[in-house]
Amino acid sequence: MALQRERLFQTNFYAVDIETNGFKHNEPVQIAVVRFENGIEVAKWTKFFQPWHRSTKDALRTHGLSRRKLREKKANPFCKLQANAMIEFLEIKKDWPIT
């Protein structure tokens, strides 16, 4: 286990977390990307999105991002502009693994 932990801390990678409105429509409500250098967080990109369809009860229990909370965060629907912003963040170190 110590070897794995040591290897992780010497690794550069991106961690991605995507929250959706549920399996029925599967629209993103939040995407977060964190860049790690030598196992240390060095940069973060996160964005909230207002889905076209309501979140399922299971999805709301998981992430707690109701339509009201997303409006308060001034979330807009996911679009090509937001996708391009995330891709631009990822391309800074495009040869790094994404987990």
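Biologist: Where does Lys-74 lie?
Modeller: Lys-74 is in the loop between helix 3 and helix 4. Keep in mind that this is a predicted model.

Biologist: OK. What is phi of Lys-74 near?
Modeller: Phi is near 55 degrees there, a positive value in a residue other than glycine.

Biologist: And is Lys-74 buried or exposed?
Modeller: Lys-74 counts as exposed, because its relative accessibility is 68%.

Biologist: Let me zoom out. How many helices and strands does the protein chain have?
Modeller: There are four helices and three strands. Along the sequence they follow the pattern α-β-β-β-α-α-α.

Biologist: What percentage of the residues count as buried?
Modeller: Of the 99 residues in the protein chain, 33% are buried. The accessible surface is about 7200 Å², and carbon and sulfur atoms account for 53% of that.

Biologist: Now the inside. Which residues make up the largest nonpolar core?
Modeller: Ten residues in all: Tyr-14, Ile-31, Val-33, Ala-43, Trp-45, Phe-49, Met-86, Phe-89, Leu-90 and Trp-96. Strand 2 (28-37), strand 3 (40-48) and helix 4 (80-90) are the elements that each give two or more residues to this core.

Biologist: Which element gives the most?
Modeller: Helix 4 does, with three residues.

Biologist: Let's stay on helix 4, then. Which of its residues are buried?
Modeller: The buried ones are Gln-82, Ala-83, Met-86, Phe-89 and Leu-90. Looking down the axis of helix 4, they fall within an arc of 120 degrees, so they line one face of the helix.

Biologist: Which residues are exposed on the other side?
Modeller: Lys-80, Leu-81 and Glu-88 are exposed on the other side of helix 4.

Biologist: And what covers the buried residues of helix 4?
Modeller: The cover includes strand 1, strand 2 and strand 3.

Biologist: Switching to charges. How many salt bridges does a search of the whole structure find?
Modeller: Three. One is between Lys-44 and Glu-41, at 3.9 Å, N to O. Another joins Arg-61 and Asp-58 at 2.2 Å, and Glu-72 meets Arg-68 at 3.6 Å.

Biologist: How far apart in helix 2 are Arg-61 and Asp-58?
Modeller: They are three residues apart in helix 2 (residues 57-63), so about one helical turn separates them. Arg-61 is exposed, at 62% relative accessible area, while Asp-58 is partly exposed, at 49%.

Biologist: And where do Glu-72 and Arg-68 lie?
Modeller: Both are in helix 3 (residues 67-72), four residues apart, which is about one turn of the helix.

Biologist: What about the Lys-44 and Glu-41 pair, exposed or partly exposed?
Modeller: Lys-44 is exposed at 53% relative accessibility, and Glu-41 is partly exposed at 44%.

Biologist: Which side chain of opposite charge is nearest to Glu-19?
Modeller: That's Arg-61, but it is 12 Å away. Glu-19 is buried and has no salt bridge.

Biologist: What surrounds Glu-19, then? Which residues is it in contact with?
Modeller: Glu-19 lies in strand 1 (residues 13-20). Leaving aside neighbours within four places in sequence, its contacts are Glu-27, Pro-28, Val-29, Gln-30, Thr-62 and His-63.

Biologist: Last topic, the loop between strand 1 and strand 2. What is phi of Asn-26 near?
Modeller: Asn-26, which is in that loop, has phi near 55 degrees, again positive in a residue other than glycine. Asn-26 is partly exposed, with a relative accessible area of 47%.

Biologist: And His-25, what separates its C-alpha from that of Trp-52?
Modeller: The two C-alpha atoms are 8.9 Å apart, although His-25 and Trp-52 are 27 residues apart along the chain. His-25 is also in the loop between strand 1 and strand 2, and counts as partly exposed at 34% relative accessibility.

Terms used: Residues numbered from 1 in each chain as written. Predicted model: local features only at pLDDT ≥ 70, side-chain atom pairs only at ≥ 80, totals over all residues. Heavy atoms only, no water. Buried < 20%, exposed > 50% of the residue type's maximum accessible area, 1.4 Å probe, protein only. Lys, Arg positive; Asp, Glu negative; His and termini not counted. Salt bridge = Lys/Arg side-chain N within 4 Å of Asp/Glu carboxyl O. Contact = heavy atoms within 4.5 Å. Core = buried A, V, L, I, M, F, W, Y, C linked by side-chain atoms within 4.5 Å. Arc of directions from axis to C-beta. Areas by Shrake-Rupley, 256 points an atom, 1.4 Å probe, with all protein chains shown as cover.
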